[in-house]
Amino acid sequence: MASHGLDYDGCNFFRQRLVLSTLSGKRVRIKNIRSKDDNPGLRDFEASFIRLLDKVTNGSRIEINQTGTVLFYQPGLLFGGSVEHDCNTQRSIGYYLEALLMLAPFMKTSLKATLKGVTNDHIDPTVDVLKSTALPLMKQFGIDGEGFDLKVVKRGMAPGGGGEVVFTCPTRRTMRPVQLTDPGKIKRIRGVAYSVRVSPQMANRIVDTARSVLNKFIPDIYIYTDHMKGANSGKSPGFGLTLVAETLNGSFLSAEMSSTPQGQGDPMLPEDLGMNCAKLLLEEVYRGGCVDSSNQSLALLLMTLGQQDVSKVLLGPLSPYTIEFLRHIRDFFQIMFKIEVQKPSEDERKGGDKVLMTCVGVGYSNINKTLK
């Protein structure tokens with residue numbers, strides 16, 4: 001890979017850059033990482049993320065200057081295999097998992113990653129929501145099989161953590177191009193209300209208020225309650241709710257909320273949490289599209305890496321994170337998307353403006369995968 005590297009400034013979109021660098025084989029240098037800050041340089045959770053990348057690749061070169069404000073990363077080969085990682089508790093496991101989802105199909109050997117830390121917090125996507133939205137999305141691109149799974153072994157709420165998750169993913173030689181242009185109507189809503197180190201009654205109270213909002217729209221609602229006890233409940237008390245709406249054509253839209261971490265800010269009533277989360281789900285349905293807002297960049301990446309054929313995906317309004325991701329895809333893969341805005345007519349009642357994203361894949365082939 002004798003390609004020249006790319007230079008970036010600042011700590012934003014840190015994961016995007018390292019993930020795309022690893023997939024494209026292009027070196028990357030990020031400078032001025034919080035250089036004006038009282039506490040300059042990489043944060044612990046970013047260092048932890050770099051260590052995780054180092055574990056799943058072979059021969060990566062990582063150089064960081066003494067103050068941690070400049071990072072040089074030369075990607076190695078994606079190796080995979082069995083990996084254990086203690087994720088820094090400043091961010092939840094979802095922060096690390098989002099990147100692993102993007103890399104896992106392109107490993108040399110299928111990945112089995114055991115991640116420990118915070119499973120549910122209010123910053124990053126929780127493990128539950130990734131399991132119920134990101135995995136079905138990846139199946140659309142042909143990433144499937146017996147070994148494709150995400151298990152929550154122990155729950156751990158912020159700030160203490162103590163959760164554990166096992167993610168297994170088979171490798172794929174190529175990605176399948178997709179045409180996801182019609183999400184269809186919502187047919188059912190599923191959810192998980194979880195509670196750890198608090199009364200199991202909390203989860204039931206969440207479920208009752210969430211149902212009271214959603215039952216006005218659709219009868220087919222089932223929200224599981226998940227109360228983990230003893231060693232499986234992590235180190236901190238908390239509760240939360242994940243809701244997923246499934247459409248007739250197999251798209252998934254999600255919303256979630258977690259209680260405020262112990263010792264940070266005002267405590268939250270389970271009734272309020274259930275109510276607010278249900279409203280968030282309704283807003284996500286209003287935004288619509290075939291992929292919910294938290295998985296937009298994953299869908300666009302898999303489209304980019306598809307075979308040299310046209311892929312189309314209908315999305316709701318693009319999030320700022322996604323817009324930056326499109327710029328990075330252009331930098332690393334020289335791929336531009338065709339973006340068409342579709343305004344639903346007044347009488348259709350199909351929610352907000354939609355964006356139809358079209359691209360031709362780069363024909364990315366997994367060079368790391370061993371030939372049998």
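Modeller: Let us begin with a term: two strands are said to pair if DSSP finds at least two bridges between them. Please bear in mind that this is a predicted model.

Colleague: In which sense do β8 and strand β10 pair, and over how many bridges?

Modeller: Pairing calls for at least two bridges. Strand β10 covers residues 163-169, and its pairing with β8 is antiparallel. One place to look is T114, which stands opposite V166 in β10. The number of bridges between β8 and β10 is seven.

Colleague: How do strand β7 and strand β8 run, and what is the hand of the crossover that links them?

Modeller: Strand β7 (residues 80-86) and strand β8 (residues 109-117) run parallel and are joined by six bridges. Within this pairing, S82 stands opposite K112 in β8.

Colleague: Which residues have the most contacts inside the largest nonpolar core?

Modeller: In soluble globular proteins, nonpolar side chains tend to be buried together. Here the largest nonpolar core has 77 residues. Helix α3 gives the most to this core, with nine residues. The residues with the most contacts inside the core are L23 and F167.

Colleague: Is S311 buried or exposed, and what is its relative accessible area?

Modeller: S311 has its place in strand β16 (residues 310-315). Leaving out residues up to four places away in sequence, it touches P177, V178, Q179, M303, M357, T358 and C359. A residue counts as buried under 20% relative accessible area. S311 is therefore buried, for its value is 1%.

Colleague: How far does the backbone nitrogen of V178 lie from a polar atom of the side chain of S311?

Modeller: V178 is one of the residues that S311 touches. The distance from the backbone nitrogen of V178 to a polar atom of the S311 side chain is 3.2 Å.

Colleague: How many residues of β15 are buried, and which residue of β15 is the bridge partner of L241?

Modeller: Six of the seven residues of β15 are buried, so this strand is largely enclosed by the rest of the structure. Strand β14 (residues 238-247) pairs with β15 in the antiparallel sense over seven bridges. The two form a hairpin with four residues between them, and G250 in the turn has a positive phi of about 80°. The bridge partner of L241 in β15 is M257.

Colleague: Where does S259 lie, and what is its relative accessible area?

Modeller: S259 is in the loop between β15 (252-258) and α6 (270-287). Apart from neighbours within four places in sequence, S259 is in contact with M157, G238, F239, M268 and L273. S259 is buried, and its relative accessible area is 7%.

Colleague: Which annotation in the UniProt record covers residues 181-285?

Modeller: Over residues 181-285 the chain is 29% helix and 34% strand, and the end C-alpha atoms are 16 Å apart. According to the unreviewed UniProt entry, the annotation for this span is "domain: RNA 3'-terminal phosphate cyclase insert".

Conventions: Residues numbered from 1 in each chain as written. Predicted model: local features only at pLDDT ≥ 70, side-chain atom pairs only at ≥ 80, totals over all residues. Heavy atoms only, no water. Buried < 20%, exposed > 50% of the residue type's maximum accessible area, 1.4 Å probe, protein only. Polar contact = N/O pair within 3.5 Å; in protein donor to acceptor, adjacent residues only side chain to side chain. Contact = heavy atoms within 4.5 Å. Core = buried A, V, L, I, M, F, W, Y, C linked by side-chain atoms within 4.5 Å. UniProt positions renumbered as here; feature names shortened; annotations may be inferred.
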